[in-house]
Amino acid sequence: MSVKAKRFPQRLNIRSGTIDMTHGSGGRAMAQLIEELFVTHFDNDLLRQANDQAAFDVPAGRLVMSTDGHVISPLFFPGGDIGSLSVHGTLNDVAMAGARPLYLSSGFILEEGFPLADLERIVISMAAAAKRAGVPVVTGDTKVVERGKGDGVFITTTGVGIVPKGVNISGDRARPGDAILVSGSIGDHGVAIMSSRENLTFETTIESDSAALHKLVASMVEAVPDIHCLRDPTRGGLATTLNELALQSGVGMQLTEDAIPVRPAVSAACELLGLDPLYIANEGKLICICAPADAQRLLAVMRADPLGAEAAIIGEVIEDAHGFVRMQTGFGGSRVVDWLTGEQLPRIC
Amino acid sequence: MCLAIPAQVVEIDDVSDSGTVALGPVRKRISLALVDDVSVGDFVLIHVGYALNKISPEEAERTLALFGEAELVEELAAAPGGGAT
Amino acid sequence: MKYVDEFRRQDLAKKVSRAIHNEVDRGRRYNLMEFCGGHTHAIFRYGVQDLMPDNVRFVHGPGCPVCVLPVGRIDNAIQLAQQHDVILCTYGDMLRVPGSGRKSLLKIKAEGADVRMVYSTQDALKIARDNPGREVVFFAIGFETTTPPTAVAIRQAQAEGLKNFSVFCNHVLTPAAIQNILESPEVREIGSVLIDGFFGPSHVSSVIGSQPYEFFAEEFQRPVVIAGFEPLDVMQSALMLIRQLNEGRHDVENEYTRVVSRDGNRKAKALVAEVFELRRSFEWRGLGLVPYSALRIKSAYAGFDTEKRFDVPAIQASDVKGCECPSILRGVKKPTDCKLFGTVCTPENPMGSCMVSSEGACAAYWTYGRFRDQATAREASA
């Protein structure tokens, strides 16, 4: 440590310092930022080697790779922040192939003037999320853009993982008769974000459901290797994700509204803003489609995991040339559940 | 048109003619400029951040009872001898 | 949620449904127009049609303020934001509505105009307070429900001496529009389009009361039932209309008594009368020029009238060719009668106003109801 101290005579002023262009210039300031912030917190052998890449052995099997850019406002929200979100989001994308995630990379785009204290908070949260998940961040990149050309911080993460043998999960494998399961209540993330946006102020105890689902997926895949489809209903919500799967598989779907778990606070916030929980984003839920014979076993496995405690069977895959997702409403009628159109904007009428 | 939702008044600030309403577990600050004689505990109809009207609990009960009554009429009609027993 | 969940109960819906099935006259049709988009939305979202007999048809009316705003007024708002460098505030509903040349407020925002979505007129006032160096225009739309909050904001701006706040007023009046529909030749002419009865507005009526509809029921001999926006309210009101029609009555009845009285909200009405006055006529999309159907800001509040502070020219802009919104808004045609519906006109790419708001007849039909016609066609061919 004493050698490092000499390289950077003054430690980063995290408490009141801000990002400036030198932090992305490739010079000493950047090296210091990487060392005192990123390496310190992400702390692992591969990162400490200080190469521009990470080299590692991979187990035999099919390799999965996924990347996700994270932009969110506000950066800190009830139940999480952009740091933990950027870890969970990519781990979930890898896990939805039934894969066990191995490593992550991260790319930061920082805006000039961004407070170092906020950056440290984000990095600590990100490191904690990676540690909880057991998947290290082994390589990364940092760029700085001029003030006004970013929104504080953007984080892109990439993950790699290995699919166990005999697992073939894909969005085009839904077949008529298959059961549709969801791992828990929908809309929590979107409502938590909206509640913290300045112009929509309402108070609620709802927190984002942001979580890494790969351990839940691992136990599901172990119980039923032949899961047909897995997908996390993020932007566009449950409705849009089911429509994607229906289109990909060339099938229709029949849902039962009363079976879909929605928290009272999410329902209430949606009533207030004229929104539909089916279209609100989730960051810690998955949709699973499987053969009807496997549904109960999967449901039991999911409910045994804290992240799937409120799992439910919400409908079935049906034949439909139009690929409609339909729903029996709680009121006793039926309706189409269409793709999300444009952006979910609060309505007055 | 005119999305509006019933919510219960939980707090009133006479100075700013505003208050807080609860809609289940969600709370929101709203203006009370359009309604008179609102008390904490009342249910009001919220539209674009304003309480538009008070909701009458008695009338709500009466309307709900009507829904059941519709069937009562039907049962009476279906019962042998007009249903008067 | 109290006063919400009870009015969506399936067991009660079944009861009312059975009563309706029992009471309809199989030998006739019941064409019931819901004036309000709120009813349209409830009917589609909860699948109310499934619980109704086949001979009861919902005719969707023009009660969606986004849908009836003429293209020229949207163009005005776009010009204000682009040419006068104002902060233009409006409700979320307006952002995607296309003006001329497919431009919308959302598109010009992407091009750099300062357009902000607000949830309440209070938010618009706050933006004006926070930006004393900028002109802040509130693009006001809506029926009688949404007008009182605008009146409050104007009075508040005056009391605070806010010099940079003004309102581009597009508030319109429901009774004038209902009268226009009833007087239109297609509706009056026996044998073309029949509207047998009306669902009266819920929240508009909570402000204006049930009294204004008495004239229509009498003059046009059509029953009106003021109906709440929850699906059970719609069904119960349908039952009340069916009973009136069976008995040959045409009264104003009120199903939504928990909110609506005969006189409405006197305080809100007084505030509106204090700030606004009638326009001699105003253009409605679909209905054309409708006399005394809209409000403008009184001269005493001219300082807060965008039309007095800025040059807001009358723009004659036409609807997209082939768009049937005008007929659909009057209940003369169904969304599926329009050649553009579902082909070039979809919610992602709306050509007409009925496809923009989720309360518009076309959007509601597209989003929630499309499979119905296919089911009907299958049954017909089977």
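The following conversation works through a few named features of this predicted model and the rules behind them.

Tutor: Welcome! This is a predicted model, in which local features need pLDDT of at least 70, side-chain atom pairs count only at pLDDT 80 or more, and totals for chains, interfaces and linings use all residues. Residues are numbered from 1 along each chain as its sequence is written, chains are lettered from A and ligands numbered from 1 in the order in which they are written, and side-chain values use heavy atoms, with hydrogens and water left out.

Student: Why is the pair K267(C) and D36(B) called a salt bridge?

Tutor: A salt bridge is a side-chain nitrogen of Lys or Arg within 4 Å of a carboxyl oxygen of Asp or Glu. The closest N and O atoms of K267(C) and D36(B) are 3.1 Å apart, so the pair meets the rule. Across the interface of chain B and chain C, the rule finds one salt bridge.

Student: What makes D276(A) and R45(C) a salt bridge?

Tutor: Their N to O distance is 3.7 Å, which is within 4 Å, so this pair also passes. The rule finds two salt bridges across the interface of chain A and chain C.

Student: Which residues of chains B and C are in contact, in number, and how much area is buried between them?

Tutor: Contact means heavy atoms within 4.5 Å, and by that rule 36 residues of chain B touch 51 residues of chain C. Buried area is the accessible area (1.4 Å probe) that two parts lose on being put together, summed over both. For chain B and chain C that is about 3,500 Å², with carbon and sulfur atoms giving 64%.

Student: And how many residues does the contact between chains A and C take?

Tutor: There, 31 residues come from chain A and 40 residues from chain C. The two chains bury about 3,200 Å² between them, 56% of it on carbon and sulfur atoms. On the chain A side, F331(A), I348(A) and C349(A) lose the most area to chain C, together 25% of what that side buries.

Student: Why is the ring pair F43(B) and Y3(C) called edge-to-face?

Tutor: Rings of Phe, Tyr and Trp (its six-membered ring) pair if their centres lie within 6.5 Å; planes under 30 degrees apart count as stacked, over 60 as edge-to-face and the rest as tilted. The centres of F43(B) and Y3(C) are 4.9 Å apart and their planes are at 90°, so the pair is edge-to-face. This pair crosses between chains, from strand β4 of chain B to the segment before α1 (10–23) of chain C; strands (E, at least two residues) and helices (H or I, at least four) are DSSP runs, numbered from the N terminus. Both F43(B) and Y3(C) are buried. Over all chains, the count comes to 17 aromatic pairs.

Student: How do you know that A50(A) is exposed, while D17(B) is partly exposed?

Tutor: Buried means under 20% relative accessible area, exposed over 50%, and partly exposed in between (1.4 Å probe, protein chains only). A50(A) has 62%, so it is exposed. D17(B) has 34%, so it is partly exposed.
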